[in-house]
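Please keep the sequence and the structure in view while reading.

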Amino acid sequence: MNETTIVGALLGLIEGLTEFVPVSSTAHLLLAGHFLGFESPGNSFEVLVQLGAILAILSVYFARLWALAVALPSSPRARHFVGAILVAFLPAAVIGALAHGFIKSVLFESTALICWVLIVGGIILLIIDRMKLRPKYTNVMDYPLSLAFKIGLCQCLAMIPGTSRSGATIAGALLMGTDKRSAAEFSFFLAMPTMAGAFTLDLYKNYDKLAYDDIVTIIVGFVMAFIAGVIVVRSLLDFVSRHGFAPFAWWRITVGSLGLVGLWLLG
């Protein structure tokens, strides 16, 4: 196993540990890659390695997804929930397709911006976590379509690296009347079409740039992301119910601050 593959395994582990928590997996991958001297064609590794995290959440939620699929023909509630996920996914699908080039070539390259967004996002998440909010919605199956669409708009903020897809959706959901556990769970379900769409689009745009070594590195990263993702998905909801989101907020602030110090010292 060469050095690049080892770095790929480490980055895959980081992806799996951070994808479903509100700390921005993309920011962690880009910062770690920057300081480790890792580069991938078109920054594709950072997107394609998400396949491991996608399969992780699919494996954990397989029974529930299967039950939903079976219930669709006869259950208005199941159809409503699936419709809510699709409505929430729509804004990111449209904006992501239109702005793909700008996101990858400009925003992904601004390491200092990523650090500042981590810090600011952490402060915002800390404030929201301490607010005395009164939830109106506690079950993801009952989220209104209008609420789902607005959560989907919040998700679009995550196209700025450092924002965090899960962080944007969870924070937006909390401010619009959900409880912490269902907000995190809705973020899980919304991750499935969103990450699958990003993976497909990026593979289509960059498959011709990938060499054999790049593919091997991505596969190794995918395996590590899958293993770590399963662990996180199985434990996150209970952790959030007990501790809230403050630990993730402080982690964001710490990583962003250390990143700025690293840039100042090392460039």
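The model is predicted. A search of the whole structure finds eight aromatic pairs. A pair of aromatic rings is described by the distance of the centres and the angle of the planes.

**Helix H12**

- Helix H12 covers residues 246-266, which makes 21 residues.
- From its first C-alpha to its last, H12 reaches 30 Å, close to the 30 Å expected at 1.5 Å a residue.
- The buried residues of H12 include Ala246, Phe248, Arg252 and Leu263.
- Glycines are also among the buried residues of H12, namely Gly256, Gly259 and Gly262.
- Helix H2 (25-36), helix H7 (111-130) and helix H11 (212-243) are among the elements that cover these buried residues.

- Phenylalanine 62 and tryptophan 66 form a stacked pair, because their ring centres are 6.5 Å apart and their planes lie at 15 degrees, under the 30 degrees required for stacking.
- Both residues belong to helix H5 (residues 62-71) and are four residues apart, about one turn of the helix.
- Phenylalanine 62 is exposed, at 52% relative accessible area, and tryptophan 66 is exposed as well, at 56%.

**An edge-to-face pair between helices**

- Phenylalanine 81 and phenylalanine 189 pair edge-to-face, with 5.0 Å from centre to centre and 90 degrees between the planes.
- This pair links distant parts of the chain, since phenylalanine 81 lies in helix H6 (residues 76-105) and phenylalanine 189 in helix H10 (residues 180-206), 108 residues apart.
- Phenylalanine 81 and phenylalanine 189 are both buried.
- Ring pairs join Phe81 and Phe189 with Phe20, Tyr61 and Phe188 in a cluster.

Terms used: Residues are numbered from 1 along each chain as its sequence is written. This is a predicted model: local features need pLDDT of at least 70, side-chain atom pairs count only at pLDDT 80 or more; totals for chains, interfaces and linings use all residues. Side-chain values use heavy atoms; hydrogens and water are left out. Helices (H or I, at least four residues) and strands (E, at least two) are DSSP runs, numbered from the N terminus. The expected span of a helix is 1.5 Å times one less than its number of residues. Buried means under 20% relative accessible area, exposed over 50%, partly exposed in between (1.4 Å probe, protein chains only). Contact means heavy atoms within 4.5 Å. Rings of Phe, Tyr and Trp (its six-membered ring) pair if their centres lie within 6.5 Å; planes under 30 degrees apart count as stacked, over 60 as edge-to-face and the rest as tilted.
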